Every structure is written in C-alpha cells, then in structure tokens.
Amino acid sequence: MSQPPLDEVGTVLIGVDIGTTSTKVVAYDVHGRRHEQAEHGYPLDTTEAGQATQNPDLVLEAVLTGLGHVVSSCLRQGSRIAGVAFSAAMHSLLGLDGAGAPITPLITWADSRAVDQAERLRDTEVGKELYRRTGTPVHPMAPVVKLLWLRDEHPAVVEEAVRWLGIKEYVVARLTNQYLMDRSIASGTGLLEMGTAAWWAPALELCGVRAEQLPPVVSTTHRLAFAPDLARELQLGDAPLVIGAGDGPLANLGVGAVRSGVAACSVGTSGAMRVIVDQPGVDPLGRTFCYALDDERWAIGGSISNGGSVLDWVANAVTPDLGEHAAATLLQLAAGAPAGSDGLLMLPYLLSERAPHWNALVRGAYFGLTRAHGRPHLVRAALEGVCQQLALVLEAVEAAGREVHEIRATGGFLRDPFTRQLLTDVLGRDVGFANASQGSAFGAALLGMQALGLVASLEVAGDLVPVEEWRQADPAAAELYRAQRQIFGGVYQALEPAYRALHTLAAKPPRAPLG
C-alpha cells in the first residue's frame, strides 16, 4: 500500500519493545507525542528451579499482533508511517537448527540455572579478562555463561545447534529473512569485544561456539526491508525496519538521560541505574556493565533484579489480609515507620541479584529485627532495601569515574509520592521524575528517527521527555540512609560465605529436559 508524501500528513515512527513478559508497540511523532499503542503478553515458564524460559513463537505472535493493530490504527488516523524500530530485553539465548527452527526454548535473562558455571568462572583470570574485554559481568544472565551451562547439562543440544541468537534476532529474521544482531544486544552477550565490535575469539572458544553460528553484528541504526508479503499484509508500504538496540540503553534515551552526566533510574519489577558515556570502559572492581547504545555511545551502570517484585512479595507474605489490590494501604503502613525503620534492614534479594555484586547465590534477609518492630517496619525496610541497592549501583558508577550531576527516574515502583521521596532520600540527591511510561519503546522510536534523518541528534531526547516533578532529599534522612548503607553493604559481605554454603547444601535436582 503506497503512502502519501511526508509533508501531507503527520509522520510517526513505531517503536517495538520486546519485553520479558509482554511486547509494547507505540507510535510517536517527531515531537515525542504518543499516538497509537498496543501491548500483548506471553507466559514465562518457571517450572524448574531457576528456569525462566518462553516460547519464541508466542513472542513473535505478540509482536505481529501489536504491530498490525498500531499500523492499521495509525493509517486510519491519516498518519504516515516512516519506519519501525526495535528494542528488546537483553541477554536472551535461543538455539536454531539448520532449517531455522528453535531447538531450545527462549532462555531469558532471568534464567539462573547457570549459577554454578558463573561461580566457577567469575573469580578466575579467564572470567576477569572476559569482563574486561566484553563489558558484560560474569553472571547466569549472560549468554556466554548460559552456553557453558548448556554444554555441561545438554551437550546434545549444543551439538545440534546450527545458529545461536536472541529474541530480537529471531523476530527480525522472521520479519526480514535476514539474521543480524545489533551492536547493543551483542554487547550484552559476553561474546563481543567492546573495542572492536567483533566476536571475541577466546570467549567463543570458552563456550564452544563458532563465529559463523552467530549473526553478523551491525550498527543499531542499520536499516532493513520488511519481507514483501509481510509488508503488504501489515500495510507498511516501503517503510524500513531499523534494527534498534537493547532495552537498557534505550531506556536512558527514552527517559531523556542521554547527555553526559545524566543518569536514568528505572524501577519496575526490577530496576537499573545507567549513565550514557562516549567511551566504553569497565569498573576495576567489576561492579558495572558497559553496553552499546550506538557506535558512539555506551551505557554504564547496573541492573538489580529486585524492584517492585519486593513490594509484591511483602503484600503476599507480610500483609495478605490487605487483599490483592491494597498497594496504597501498604505504602501507608510503610509511612507509619520512621526513616531507617528503627534500625531494621532488609537485603531484598528475593530473586537472586545482579549489580553491583553480580552474585546469583544471594538470598534475602532481615537484619536487626527485634520484638519492637512491627509490620510497618517490615514493609518500610523492604522498600528501603530496594532503594539502597540502587544507591550502591550509583556509588559504583561514580567510583568508576563517571560523574553524575542529574538523575531522572521512572517506573511503576515510583508512581506514589511516598516511594518517590524515599528514593530521593536514600540517594541523597535531587531526583526528577519523568513522564516516560514506555521508555524503551520511545527510545527505539527516537533511534529510528535519527537513523531516518527525522531528528538531528539523539540529544533531542533531553528536551522531548518532560520531567513532571523534582524532589529534594531531606538532609537528615539522607544522612541516616548514608550511614545505614555502610552497614547494608557490610551485612552482604558478612553473609556471602553463608550464601555459598546454602547453595552447596541444597540438593541438586536430577537433570531435567531442556524446557
């Protein structure tokens, strides 16, 4: 279907964000205004301990359904579709046979079954060099570590696999008939050398993968043509596909934190703190990641696995009598306890943990509990623990030599005034809360706009994303949280041997089919 000239109607670019539990498809114009949108979910299989896998074809179906809805809605509104750009959750892994059919489920970043391989590798010279060269921490999330696990636990699958890729590459191949991987997603595999943007031979040798089994690496602004039949079916005309980047770096772009020294803090189910820099680099202590945004920018920071999920756990385990939809009451409970929860700390490692320790063996713990503590303290300490973990990541970013002079925050965890002020007090900085509910989708759209010449620079993101509220830290609370953070970090260090002992004590289940 032909489209009218660019200047006759409004022009939109569609951002597609392939997330862990759903795909969001959103159309934006060059002023950052949101037009049509759709979201479709899919299940995450957690049957086996540590498992977090998906059916890649259900993800593909969600992408196509959402894209079809948004395209048709935009055309009905008279919009011109300039292109489609992609974001995706990083660190996923999928094996294909010679016909391009999946021989494994999609193994997501959240799958932790490679914990033993990560533990064996992390403190070796090989593991340290892997981090220094690739910028990807040695952790079960990383595809390089997942491949080690598959080699140990499912060698027949590794032998059968003709191609290895992630979910975005699988979707893009189905849309364009081309296997390619963008530099951003590739930078999170643990297989790509930062300095050369080429597959690093020692990493490939480590996990038994050949370079020809991996897709060629292209720029995040690389343009592709949709397969002709699909373009006609979706009514896309000659609109190109821009391959895009990983959801983490794009979230910075989507929240307007792309200029030097501006950090993005996102807290949804999980959380992250990242800053965009113009030169790649790693932390000498291994606390941060370094992933590409494009050929000239990198995101340095860290992700935490426990964000809003901790609030969900508290609601179920500590306040089940409040019902399923009692978030506001839960936060009122937390507000009933003083800052610092009268000396009660919670290490919120309910779903293992990533930055800044990158230790998949950790477990949650309350510390300092006395009979004087009640439910308000238990709830508040859990929320404080999430914020303290983000503060540790921020400290790691700055200790690695990255100046942060502004923080922009977003995410479902931060919708309430109480949690907004809590994060601000724990960080001890002014925090701006941005109106960017679909940050990675908008980041993908902006990257696509730059690729197609619709915006002059990615730095326009700072002007297009409004900060709806600025909050200032309470000095007394900030000082208390700063002092508690030293104890918080010390408790982790003290418990680390116990985490390892617990893991060793746990009986290893019989090898299960890959699923």
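Q: What makes the pair R297 and D294 a salt bridge?
A: In this predicted model, where local features need pLDDT of at least 70, side-chain atom pairs count only at pLDDT 80 or more, and totals for chains, interfaces and linings use all residues, the closest N and O atoms of R297 and D294 are 2.8 Å apart. A salt bridge is a side-chain nitrogen of Lys or Arg within 4 Å of a carboxyl oxygen of Asp or Glu, so the pair qualifies. Residues are numbered from 1 along each chain as its sequence is written, and side-chain values use heavy atoms, with hydrogens and water left out.

Q: What makes β17 and β23 edge strands of their sheet?
A: Seven strands form an open sheet of mixed pairing, in the order β17-β18-β16-β15-β21-β22-β23; β17 (289-292) and β23 (467-471) each have a single partner strand, so one side of each is left without a neighbour in the sheet. Strands here are DSSP runs (E, at least two residues), numbered from the N terminus.

Q: How do you know that β22 and β23 pair?
A: Two strands pair if DSSP finds at least two bridges between them, and β22 and β23 have four, so they pair, in the antiparallel sense.
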